[in-house]
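This report describes a protein model together with its ligand. The sequence and the structure come first, and the account follows them.

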Amino acid sequence: MSNRISAKDVLLGGIGTLAVLVPWEIAARSGIVDPSIFPSPILAISSAAEKLSATEVLDHMGWSLFRVFSGFLLGALAGITIGIVAGWYRTAGYLLRPMIELLRPIPPLAWIPLAIIWFGLGEPSKFFLIFLGAFFPVVTATYQGVTNVDPILIRAAQTFGLKGIDLLVRIVIPGAAPDLATGIRIGWGLSFGVLVAAELIAADKGLGYMIMHARLLGYVDVIVVGIVLIGILNLLTDGMIAWLIKKGIGRWHEV
Amino acid sequence: MSTDAGFIELNDINMRFGLPAEALPVVLQGIDLSIAQNEFVSIVGRSGCGKTTLLNIVAGLVEATTGTVTIAGNQVRGPGQGQGVVFQQHALFPWLTAMGNVEFGCRKADISKSEKREVCRQLLDLVGLSHAADKYPRELSGGMQQRVAIARALALDPEILLMDEPFGALDELTRIELQQELLRVWDARKKTVIFVTHSITEALILSDRVILLSPHPGRVFKDYQITLPRPRIRTDPAFNAMYQEIWEGLSA
Ligand SMILES: Nc1ncnc2c1ncn2[C@@H]1O[C@H](COP(=O)(O)OP(=O)(O)O)[C@@H](O)[C@H]1O
Ligand SMILES: [Mg+2]
């Protein structure tokens, strides 16, 4: 396959990354930039470690992951269900689609004020925002996947006597799987983006809280470590989802 | 019911898509056909003359505006009355392997899983693909895909095989190979075949009978009995004479 990464590609990537990190490290250590605003990447980790214990960081990470995972799971499940129903049953489609199309372009963060009024500052409002982040991409992709299933496949299945719910389960849903997978990845990314914003508002646990609290204390090193951790978590979980998708449908569908 | 003639009967089939108020053009008009059991019938006609529509009506996938189709005396009211269909594009389920697709076609509820597997393995063998059982459609060539599609249709154990330009997208060599294989299958499994093609040569190689449809609206224009001995030879003068006759019919 042509998308294999060669050693040369890895080398180039390493050079590109170092080209940013090395001058930064040098600039911070030599005092060209103020290290209390631009802390050196290496020193930030060690000095942050003095202010926070590993268990504290893990606790924040755990909370963030738990929030994003539960909100995403429910949002994706609701999105898949409603997407399938709206895509497969004509009447349901006409009923549901205008509302979805109307709400879909609203960025999840624009819901923050309403979320706070409806659900307060606690967990439910965060859950709601993350839910929205997952729901809209998944419902849209599922709907599209269901309605785009090649009609010839449905006809072919009909010649073997399939109809109704059997057609839906055995043909339409597998046929929609590639679109659905794309929606899930986008939904996960958006849920993650919403998570940090939700934790910036009001929380006493989570990575978003951790970096916001560090700002109040003036701990730039903790902020740097926090945002890098958020990036790494997102990267790793997205990679895991991509891997699961490839395992699930990669053999029959080019992903 | 008479024993031989009229295994499949089309009685005054008329077809117009859309609502009457839309007044779309008539696609098929007054089609009367009687096809005998185990007969191999080709339908030839210009693009757009209603061949696919006619086949879909026999398959029970499309309902004629007026007129009836009967199979062995039973009126066709939908798919699954003994009609196996092979489409122009392979129409395989991309998420199933070659074996999975053939097994999908095997709807028998009264046989065990292993018996089913054995039946399907034989079918893949019949179309020369036992080595590709675990491959997915996208890993197969066009010719192999169409072979799987034929095996899948046969898995239904249909009395009738409806084929809509099944080899139209294949290269010349693969096409000739598949024609030979289809004749072998037809011989081995005794099916009644309605085969749509726009190739006169293909129709003559395969068929007992060639039906010419005229366009706008689609009607039965000519009905040729092909009595040339089998196997048919393309370079045979009698073959060429028949080709010429049909060609003149088509250009009339
Ligand atoms: N679902 C449909 N709705 C409206 N018109 C159709 C539909 N299917 C086919 N037609 C029309 O019927 C005519 C015959 O089509 P078709 O049966 O596909 O012809 P052929 O297979 O001989 O090329 C064409 O003019 C086509 O536009
Ligand atoms: Mg056609």
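## Ligand 1 and its shell

In this predicted model, a polar side-chain atom of Thr52(B) lies 2.7 Å from an oxygen atom of ligand 1, a polar contact in the sense of a pair of N or O atoms within 3.5 Å (within protein, one must be able to donate a hydrogen and the other to accept it, and residues adjacent in sequence count only if both atoms are side-chain atoms). Polar backbone atoms also approach oxygen atoms of the ligand, that of Gly48(B) at 2.7 Å and that of Gly50(B) at 3.0 Å. The protein covers 56% of the 560 Å² of accessible area that ligand 1 has on its own, where accessible areas come from the Shrake-Rupley method with a 1.4 Å probe and, for residues, only the protein chains shown count as cover.

The residues that surround ligand 1 include Phe17(B), Val27(B), Arg46(B), Lys51(B) and Thr53(B), a residue being counted as near if one of its heavy atoms lies within 4 Å of the molecule. By class, this shell has three nonpolar, five polar and two charged residues; here Ala, Val, Leu, Ile, Met, Phe, Trp, Tyr, Cys and Pro count as nonpolar, Asp, Glu, Lys and Arg as charged, and the others, Gly among them, as polar.

## Interface between chain B and chain A

Chain B contributes 25 residues and chain A 18 residues to the contact between them, with contact meaning heavy atoms within 4.5 Å. About 2,100 Å² is buried between the two chains, and carbon and sulfur atoms give 67% of that area; buried area is the accessible area (1.4 Å probe) that two parts lose on being put together, summed over both. Within chain B, Trp95(B), Phe104(B) and Arg138(B) lose the most area to chain A, together 34% of what that side buries.

Two salt bridges are counted between chain B and chain A, each defined by a side-chain nitrogen of Lys or Arg within 4 Å of a carboxyl oxygen of Asp or Glu. Glu139(B) forms a salt bridge with Arg251(A), in which the closest N and O atoms are 3.3 Å apart.

## Backbone features and a helix salt bridge

Helices (H or I, at least four residues) and strands (E, at least two) are DSSP runs, numbered from the N terminus. In chain B, a cis peptide bond with omega of about -10° joins His216(B) and Pro217(B), and Pro217(B) lies in the loop between strand 9 (209–214) and strand 10 (219–225). Another cis peptide bond, with omega of about -5°, joins Arg230(B) and Pro231(B), and Pro231(B) lies in the loop between strand 10 and helix 7 (237–251).

Over all chains the structure holds 18 salt bridges. In chain A, the side chains of Glu25(A) and Arg29(A) meet in a salt bridge (2.8 Å, N to O), and both residues lie in helix 1 (residues 7–30), four residues apart, about one turn of the helix.

## Conventions

Residues are numbered from 1 along each chain as its sequence is written, while chains are lettered from A and ligands numbered from 1 in the order in which they are written. Local features need pLDDT of at least 70, side-chain atom pairs count only at pLDDT 80 or more, and totals for chains, interfaces and linings use all residues, whereas side-chain values use heavy atoms, with hydrogens and water left out.
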